[in-house]
Amino acid sequence: MNSKKVKIKAEYLTKKFELLPTKDTKNKAKSLAGVSTQDEQEFWALRNVSFEIRDGECVGVIGLNGAGKSTLSNIISGQISQTTGKVEINGDVSIIAANAGMQKNLSGRENIRLKALMMGMTNKEIDEKMDDIINFSELGPFIDQPVKTYSSGMKAKLGFSIMVHQNPDIMIVDEALSVGDKTFVDKSKNKMFEFRDEGKTILLVSHDMRTIKEWCDRVIWLNYGEVKAYGPPEKIIPEYNKFSKWFKKLPKKEQKKYKDEQRQVQMDYSVKNLETEVFKKGLSMSRKERIRVSEGLKKNKDSHRLSLGSKVLVTFCLLGFIWLGLVSLSSATVVESVAHPVSFFTEKMFKEKPAFKKQIKITEQKGKDNTENSAKNNSISVVNKQEHKTESSVANDTAQTAKQDRGTSYTVKVGDSLGSIANDKGLSVEDIQSENPGVDFSVVNPGQKIKLPASAREKAQKNKKTSAKGQAKSKSTAASSAKEKIEKTYTVKTGDSIGSIADDFGFSVEQIEAENPEVDFSVINPGQVIKLPGSNK
Ligand SMILES: Nc1ncnc2c1ncn2[C@@H]1O[C@H](COP(=O)(O)OP(=O)(O)OP(=O)(O)O)[C@@H](O)[C@H]1O
């Protein structure tokens, strides 16, 4: 038995991608919401992948383009999640792949800090290592340029420098060294040998069989998402080379046919197939083991899909927002709309909001005021304005009454009694009682709905309007007498003369002189107060 500690253990791993045939935004939106579309096609990039990697091992991952190598390294580094199965990782993982985890708009230096912080290093530790990382990367002044301006070799240099200085337990190198220049690759290889000698675990994804042979203790050969073989390089590499030769020798048409058939198998795959494969191989499994495996196969769902619970929650929130929107546009309150949804939709939703209605009424009234005012003299306009203002408030009152009385009911509020309601509405207690024959009015409860007699209500509104007009009239009289009082004296302003004052107020000069016998009107000064006669000429 191998005494070395397991560093990576993968069991019955699968990875399913949804393929969308078009870039249709409708399809994209559906996919994000977790709704499957008819056009959607499943593609199993990994199928039933199981292996173990132990402490200090360097394992190579090989296979044709599209075999699933990067998908596997991304699952192990935690960048994407598997669809089914289990991955056990014991230690810190760092991945270097072309573009892996680089922020394109940040500079090389900023990316170093970001990746190091993500690995749990402190700013002080990063500052101490920053110069070493930059020197190792050989990027010189380009370290302060945005990564989006780097060549693929420069990105690989930066990624590799960051990784070796992070000193992780498990290193995943995905084709990153194939793009660097020879000097850098040699330097990086030496560094990786040092790591391997320190007993660290390395997963190396490569098409270069020489490097795989030179470095790896074991090799995983992936073929169209499946593990075709797993073993020592001296056994696996010749098998793979033989297969590669066979494939390359096929006529183009045959190559295409082979690829299409394999891809079709990847599209037709399902968890059911996986279960059949697993249990066929594991006929000798104990019942307990079968249950454990079965659970593992169901456990991980696609992370980009919403669970049923999340879908319900999202739908509920959306409906809630729509409901609140409708309530804000209607004449009902949220509580009313929830308590009486049917009447909310049939009666309240399509009625104008009272506040909106009130606004229109006031605007109309203002327009009326303006027309009337322009036709009358100033003193009358003051009074008229007061009267109209009062009528506006009657309009407001009426709108408010209409709001309360809309339909035929009134909702009892805290502190209401039958008497107070009757009083407020300008009705008699008997009016209300006769409109609600079955109701016991000895006790009225907040929230209780009572009917209001329609005719009496109109009467009440009329009464209210009349009394408001009466109030306006008396206010107008009061305003006139106030004006008379004000006009008994006049304070002389700059530019006034006895003649101009007499003209302005409709008196003769003699009348003013007679009212002010003590005043010498040959000179009058601004600020001087003079009496005005009691009546006009
Ligand atoms: N996000 C995705 N959506 C749909 N299909 C995907 C996605 N990512 C990868 N695939 C598909 O999964 C399969 C495996 O891809 P992967 O990149 O793992 O292959 P690979 O072995 O690393 O290839 P290469 O040697 O060319 O790098 C491919 O057929 C690829 O088209």
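**Close-up views of a predicted model**

View 1. Three elements, strand E1 (6-19), strand E2 (41-54) and helix H2 (69-76), each supply at least two residues of the shell around the ligand. The structure shown is a predicted model. Helix H2 gives the largest share of this shell, 3 residues. In total, 13 residues surround the ligand, and the closest are Asn65, Gly66, Lys69, Ser70 and Thr71. Sorted by class, the shell holds 6 nonpolar, 6 polar and 1 charged residues.

**View 2. Polar contacts between the protein and the ligand.** Which residues place an N or O atom close to an oxygen atom of the ligand? In the side chain of Thr71, an N or O atom is 2.6 Å from a ligand oxygen atom. The side chain of Lys69 likewise has an N or O atom 2.8 Å from an oxygen atom of the ligand. Gly68 takes part through its backbone, where an N or O atom lies 3.0 Å from an oxygen atom of the ligand. On its own the ligand has 630 Å² of accessible area, of which the protein covers 62%.

View 3. Helix H2 is largely enclosed by the rest of the structure, because 6 of its 8 residues are buried. The buried residues are Lys69, Thr71, Leu72, Ser73, Ile75 and Ile76. Two of these residues, Lys69 and Thr71, also belong to the closest residues around the ligand. Just after the helix, Gly78 adopts a positive phi of about 80 degrees.

View 4. Gln166 is placed in helix H5 (residues 152-166). Is this residue buried or exposed? Gln166 counts as buried, because its relative accessibility is 11%, below the 20% limit for that class. Its side chain reaches the backbone oxygen of Lys115 at 3.3 Å. Leaving aside residues up to four places away in sequence, Gln166 touches Ser94, Lys115, Ala116 and Met119.

View 5. A search of the whole structure finds 15 aromatic pairs. One of them joins Tyr224 and Tyr258 in an edge-to-face arrangement, with 6.0 Å from centre to centre and 75 degrees between the planes. Tyr224 lies in the loop between strand E8 (218-223) and strand E9 (226-231), whereas Tyr258 lies in helix H9 (residues 252-268), so the pair ties together parts that are 34 residues apart in sequence. Tyr224 is buried, with a relative accessible area of 3%. Tyr258 is also buried, at 13%.

View 6. Phe243 and Phe247 form a stacked aromatic pair, 6.4 Å from centre to centre and with 20 degrees between the planes. Both residues lie in helix H8 (residues 233-249), 4 residues apart, which is about one turn of the helix. Why can residues at such a spacing point the same way? An α-helix has 3.6 residues a turn, so residues three or four places apart point the same way. Phe243 is buried at a relative accessible area of 10%, and Phe247 is buried at 8%.

Conventions
Residues are numbered from 1 along each chain as its sequence is written. This is a predicted model: local features need pLDDT of at least 70, side-chain atom pairs count only at pLDDT 80 or more; totals for chains, interfaces and linings use all residues. Side-chain values use heavy atoms; hydrogens and water are left out. A residue is near a molecule or strand if one of its heavy atoms lies within 4 Å of it. A polar contact is a pair of N or O atoms within 3.5 Å; within protein, one must be able to donate a hydrogen and the other to accept it, and residues adjacent in sequence count only if both atoms are side-chain atoms. Accessible areas come from the Shrake-Rupley method with a 1.4 Å probe; for residues, only the protein chains shown count as cover. Ala, Val, Leu, Ile, Met, Phe, Trp, Tyr, Cys and Pro count as nonpolar, Asp, Glu, Lys and Arg as charged, and the others, Gly among them, as polar. Buried means under 20% relative accessible area, exposed over 50%, partly exposed in between (1.4 Å probe, protein chains only). Contact means heavy atoms within 4.5 Å. Rings of Phe, Tyr and Trp (its six-membered ring) pair if their centres lie within 6.5 Å; planes under 30 degrees apart count as stacked, over 60 as edge-to-face and the rest as tilted.
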